[in-house]
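Me: I have a model open and want to learn how to read it. Can we take it feature by feature?

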Amino acid sequence: MLCRVSISPVTRGAEVFDVLRAELLNGVLNPGDKLRMVELASRFSVSQSVVREALTRLAEQGLVVASPQRGFRVRELSVEDIIGLTESREQIESVALRLAIERGDVRWEKEIVASHHVLERTPVVDANGRFHEPWTAVHHDFHRALTVGCNNARLNGVVLALRDSAELYRRWWWALADDRQRDLGAEHRQLMDLILARDADGAVEALTYHIKRAPERLIAYAREHGLDDLNTPPPTESPRTQRRGKRPRRK
């Protein structure tokens, strides 16, 4: 007699959370989209309580917004938000990185080197010049490795949540900000080298530049084109694959 193996609500909730989080960060779900629990429960074949738990976790990470009247929706993106988010990241990640350099051991250094090795060998763009989505995961792993040595789970949780929120802007930076002169590989190598040398001041300076570069380009683009928000999905082609030219102004 065959025994049916049941999947616990905790396991199903984790699955729903993981899928929705990936869809948020990869642009499958757009800023402002409503996340209806009835539809999601049907899609994943789970109860609404399981969906609610997953959406609540996403809200805690700043990827989803919950309100009594409107339910859950994808966080909307704005120039004001990216300014505040970038400032928060600069301050908090700097604290975490300084503590990691002070407290991190050899195993921490090994994790940084290993994650950088994978990152360096993962292309940012595909053969067609479009953003290579697998790069996002290895880039996340590298930056997680930098601060995990702080040995403060709460602080590192805040760092990771802010980084997740920043990922929502990645597609806009890639599609809209004409930043072809940027050498991400060199920035990551410099970060690793400064951290392994235990140069806290130099590492924090490099990290601050790394954090600010993309938001500054996005803000400049938004102001040039009279945009207060970045909620309309960007074009699939980036300026790296488009002919240079003036983009239409949005009213």
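This is a predicted model: local features need pLDDT of at least 70, side-chain atom pairs count only at pLDDT 80 or more; totals for chains, interfaces and linings use all residues.

Me: In what order do the three strands form the open sheet?

Reply: Residues are numbered from 1 along each chain as its sequence is written, and side-chain values use heavy atoms, with hydrogens and water left out. Strands (E, at least two residues) and helices (H or I, at least four) are DSSP runs, numbered from the N terminus. Two strands pair if DSSP finds at least two bridges between them. Here the order is S1-S3-S2, with antiparallel pairing.

Me: Which strands stand at the edges?

Reply: S1 (34-35) and S2 (64-67) do. Each has a single partner strand, so one side of each lacks a neighbour in the sheet.

Me: How many bridges link S2 and S3?

Reply: Four, in the antiparallel sense. Val65 stands opposite Arg73 in S3. S2 and S3 form a hairpin, with three residues between them. S1 pairs with S3 (residues 71-74) over two bridges, also antiparallel. There, Leu35 faces Phe72 of S3.

Me: How do H4 and helix H10 pack?

Reply: Two packed helices are described by the angle between their axes and the distance between the axes. Axes are lines fitted to C-alpha atoms, for helices over the stretch in contact, and angles run from 0 to 180 degrees between N-to-C directions. H4 and H10 (residues 200-224) pack at about 170°, with axes 9 Å apart. That makes the two helices, H4 and H10, roughly antiparallel (angles over 145 degrees). By class, their contact has 14 nonpolar, three polar and seven charged residues.

Me: Is Glu93 buried or exposed?

Reply: Buried means under 20% relative accessible area (1.4 Å probe, protein chains only). Glu93 is buried, at 2%. Its place is in helix H4 (residues 79-103). Contact means heavy atoms within 4.5 Å. Not counting residues up to four places away in sequence, Glu93 touches Ser88, Thr147, Val159, Arg163, Leu207 and Ile211.

Me: Which residue lies 41 residues from Ala54 in sequence, yet 5.9 Å away in space?

Reply: Gly13, going C-alpha to C-alpha. Ala54 belongs to helix H3 (residues 48-60). Ala54 is buried, with 2% relative accessibility. Beyond its neighbours within four places in sequence, Ala54 contacts Gly13, Val16 and Phe17.

How values were computed: Buried means under 20% relative accessible area, exposed over 50%, partly exposed in between (1.4 Å probe, protein chains only). Angles under 35 degrees count as roughly parallel, over 145 as roughly antiparallel, 65 to 115 as roughly perpendicular and the rest as oblique. Ala, Val, Leu, Ile, Met, Phe, Trp, Tyr, Cys and Pro count as nonpolar, Asp, Glu, Lys and Arg as charged, and the others, Gly among them, as polar.
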